[in-house]
Amino acid sequence: MMIKKSLVLTALVCLGLPMVSMAAEPPIEAYKAWTANKDHAITEALGGLKGDAARGRKLAIASAKGNCLACHQLPIPEEGFHGEVGPSLHGVANRYSEGEIRMRIVDIQALNPASLMPPMYKNPAELKQVAKKYAGRTILTAQEVEDVVAYLMTLK
Ligand code: HEC
């Protein structure tokens, strides 16, 4: 358990924090609380925002943002490197509902505390051991989460 925990921290330090640090520091937006249902799905869009699949595809590539490609294979042929730390996301919308996809992007560690995937939209007040500079921030904004959800929903 200790080992797994330190792996998670390493993942956060290696991937989560640089994602934020490389971006021009946007102002901290108010955290939009979400709730998961008993099937581990977040059926309501964060803040009622509407996602844009084309923007989501860009965010999935951006190493300073979601950095999804670092760990997942995606149908993005123009990018050379596709990681294999996580499962391939080809056809992910056939396996999961929109709410289940949102849950996994927002806080996969709520489902699997040992997951190497950083929680992209966990309540900043609940994050432990975050450098002061990053305190109060989520890795992705609510709009960015919805954009990535919209993109993954096209993967059928
Ligand atoms: C540090 C590596 C890492 C990064 C970065 C990462 N993931 Fe993951 N992801 C994983 C791992 C590992 C799993 C496997 C599930 C687990 O750990 O419990 C996973 C699981 C998932 C799943 C569930 C897939 C399934 O078939 O069960 C989705 C959806 C997902 N990730 C989406 C994303 C998206 C979208 C991004 C970018 C915003 C992203 N991930 C970034 C490592 C990562």
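Trainee: Which residues is D147 in contact with, leaving aside its neighbours within four places in sequence?

Mentor: In this predicted model, D147 is in contact with K50, G51, D52, A53, R55, G56 and L59. D147 itself lies in helix α5.

Trainee: Why is D147 called buried?

Mentor: The cut-off for buried is under 20% relative accessible area. D147 has a relative accessible area of 2%, so it counts as buried.

Trainee: What about P124: where is it found, and why does it count as buried?

Mentor: P124 is found in the loop between α4 and α5. Its relative accessibility is 16%, and buried means under 20%, so P124 counts as buried too.

Trainee: Which residues does P124 touch, not counting those up to four places away in sequence?

Mentor: P124 touches Y31, G136, R137 and T138. For one more distance, take P124 and I139: they are 15 residues apart in sequence, and their C-alpha atoms are 9.4 Å apart in space.

Trainee: Let's turn to the ligand. How many residues surround it, and which are the closest?

Mentor: There are 23 residues around the ligand, with C68, C71, H72, S115 and M117 the closest. The residues of this shell divide into 15 nonpolar, six polar and two charged.

Trainee: Which pocket holds the ligand, and which elements give two or more residues to the shell around it?

Mentor: The ligand sits in the second largest pocket. The elements giving two or more residues to its shell are α4 (98-107) and α5 (142-152).

Trainee: To finish, how many helices and strands does the chain have?

Mentor: The chain has five helices and zero strands, and along the sequence the pattern reads α-α-α-α-α. Of its 156 residues, 38% are buried. Among contacts between residues at least 6 apart in sequence, 61% join residues at least 24 apart.

How values were computed: Residues numbered from 1 in each chain as written. Predicted model: local features only at pLDDT ≥ 70, side-chain atom pairs only at ≥ 80, totals over all residues. Heavy atoms only, no water. Near = heavy atom within 4 Å. 1 Å grid on protein atoms, 1.4 Å probe; cavity = no way out; pocket = protein on both sides within 12 Å on 5 of 7 lines; lining within 4 Å. Sits in = over half its atoms within 2 Å of the grid points. Helix = DSSP H or I, 4+ residues; strand = E, 2+ residues; numbered from the N terminus. Nonpolar A, V, L, I, M, F, W, Y, C, P; charged D, E, K, R; others polar. Buried < 20%, exposed > 50% of the residue type's maximum accessible area, 1.4 Å probe, protein only. Contact = heavy atoms within 4.5 Å.
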